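Take a look at the structure shown here. The report after it goes through the fold piece by piece.

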Amino acid sequence: MHADSWALKAKKLGFRSRAVFKLEEILTKTKTVKKNSLVLDIGSAPGGWSELIKALIPSSKVYAIDLLPMNPIKGVMFFQEDIANIDEIEKIFLLKSKFDLVISDLAPNLTGIRAVDEENIFELNITTLKTAVNYLSKSNGAFIIKTFQNSLLKKLRTEMEKSFHLVQTYKPAASKSKSAEIYLYGERPL
Ligand SMILES: C[S@@+](CC[C@H](N)C(=O)[O-])C[C@H]1O[C@@H](n2cnc3c(N)ncnc32)[C@H](O)[C@@H]1O
């Protein structure tokens with residue numbers, strides 16, 4: 001499907017972003033959708049992924065965090081905060097080691113200087129990975145993170161492999177083939 005058709009489909013179905021179809025494909029392939037899931041959505045605004053989780057699992061409890069504001073979604077508790085400060089959000093901190101699923105669509109602001117951007121993406125991904133490991137349940141937790149194909153991707157995957165029993169890479173159909181974005185999936189934190 002053409003990239004614009006995904007945007008049209010998202011609008012038709014009432015989702016805030018076409019990013020929902022990328023997450024939906026990974027959730028389906030990894031069979032991650034489970035009843036009563038406790039979900040942490042990192043970099044959630046404008047809210048497409050949180051909306052999708054609530055649509056797929058109405059019984060889920062979703063906690064969402066973003067630097068930017070986000071319009072309310074029923075059943076989603078939103079916090080406007082930097083991911084680096086997540087431990088300071090008491091309502092989330094109390095749920096350490098309890099989340100079933102952590103999803104991250106985080107993307108830093110780009111400078112246009114390749115080496116700087118790659119390093120910033122890597123640092124943000126590592127912060128997110130550490131957060132996921134701290135907040136996920138050891139027995140059944142799963143983590144989905146958007147990242148980018150660049151010179152540090154292999155290093156990130158290696159860090160993922162040190163942190164999860166199973167690691168997989170996904171390039172969903174709704175992700176533009178020209179786009180460098182790519183998704184890593186981790187299952188059961190070590
Ligand atoms: C691609 S958007 C997320 C789209 C969202 N998944 C959706 O479906 O609507 C990436 C988000 O990451 C957020 N972000 C970037 N750096 C962040 C940080 N350090 N802490 C929290 N959020 C951050 C941005 O503000 C932006 O809203």
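## Ground rules

This is a predicted model: local features need pLDDT of at least 70, side-chain atom pairs count only at pLDDT 80 or more, and totals for chains, interfaces and linings use all residues. Residues are numbered from 1 along each chain as its sequence is written.

Helices (H or I, at least four residues) and strands (E, at least two) are DSSP runs, numbered from the N terminus.

## The sheet

Seven strands form an open sheet; the order is S3-S2-S1-S4-S5-S7-S6, and the pairing is mixed. Strand S3 (76–80) and strand S6 (164–170) are at the edges. Each has a single partner strand, so one side of each has no neighbour in the sheet. From one strand to the next, the twist averages 15 degrees. Axes here are lines fitted to C-alpha atoms, for helices over the stretch in contact, and angles run from 0 to 180 degrees between N-to-C directions.

Two strands pair if DSSP finds at least two bridges between them. Strands of a sheet pair through backbone hydrogen bonds, either parallel or antiparallel.

## Strand S4 and its partners

Strand S4 covers residues 101–104. Strand S1 (residues 38–42) pairs with S4 in the parallel sense, over 4 bridges. Asp41 stands opposite Ile103 in S4, and Ile42 stands opposite Ser104. S4 is also joined to strand S5 (residues 142–148) by 4 bridges, again running parallel. There, Ile103 stands opposite Ile144. From S4 the chain crosses through helix H5 (residues 114–135) to S5, a right-handed β-α-β crossover. Right-handed means that, with the strands pointing away from the viewer, the path from the first strand over the helix to the second runs clockwise.

Are the faces of S4 covered or open? Both are covered: Leu101 and Ile103 are buried on one side, Val102 and Ser104 on the other. Buried means 20 or more other C-beta atoms within 10 Å of the residue's own; exposed means 12 or fewer, partly exposed is in between, and C-beta atoms are placed from the backbone. In a regular strand the side chains alternate between the two faces of the sheet.

Helix H2 spans residues 20–29. Its buried residues are Val20, Phe21, Lys22, Leu23, Ile26 and Leu27. Just after H2, Lys31 has a positive phi of about 50 degrees.

Asn36 lies in the loop between H2 and S1. Its phi is positive too, about 55 degrees, although Asn36 is not a glycine. Asn36 is exposed, because 10 other C-beta atoms lie within 10 Å.

Ser97 sits in the loop between helix H4 (90–93) and S4. Its phi is near 70 degrees, a positive value in a residue other than glycine. Why is Ser97 partly exposed? Because 13 other C-beta atoms lie within 10 Å. Ser97 and Gly141 are 44 residues apart in sequence, yet 8.7 Å apart in space, C-alpha to C-alpha.

The peptide bond from Ala45 to Pro46 is cis, with omega near 5 degrees. Pro46 is in the loop between S1 and H3.

## Around the ligand

The ligand is surrounded by 20 residues; the closest are Ala19, Gly43, Gly48, Ile83 and Asp105. A residue counts as near if its C-beta atom, placed from the backbone, lies within 6 Å. Helix H3 (48–56) and strand S2 (61–66) each supply at least two residues of this shell.
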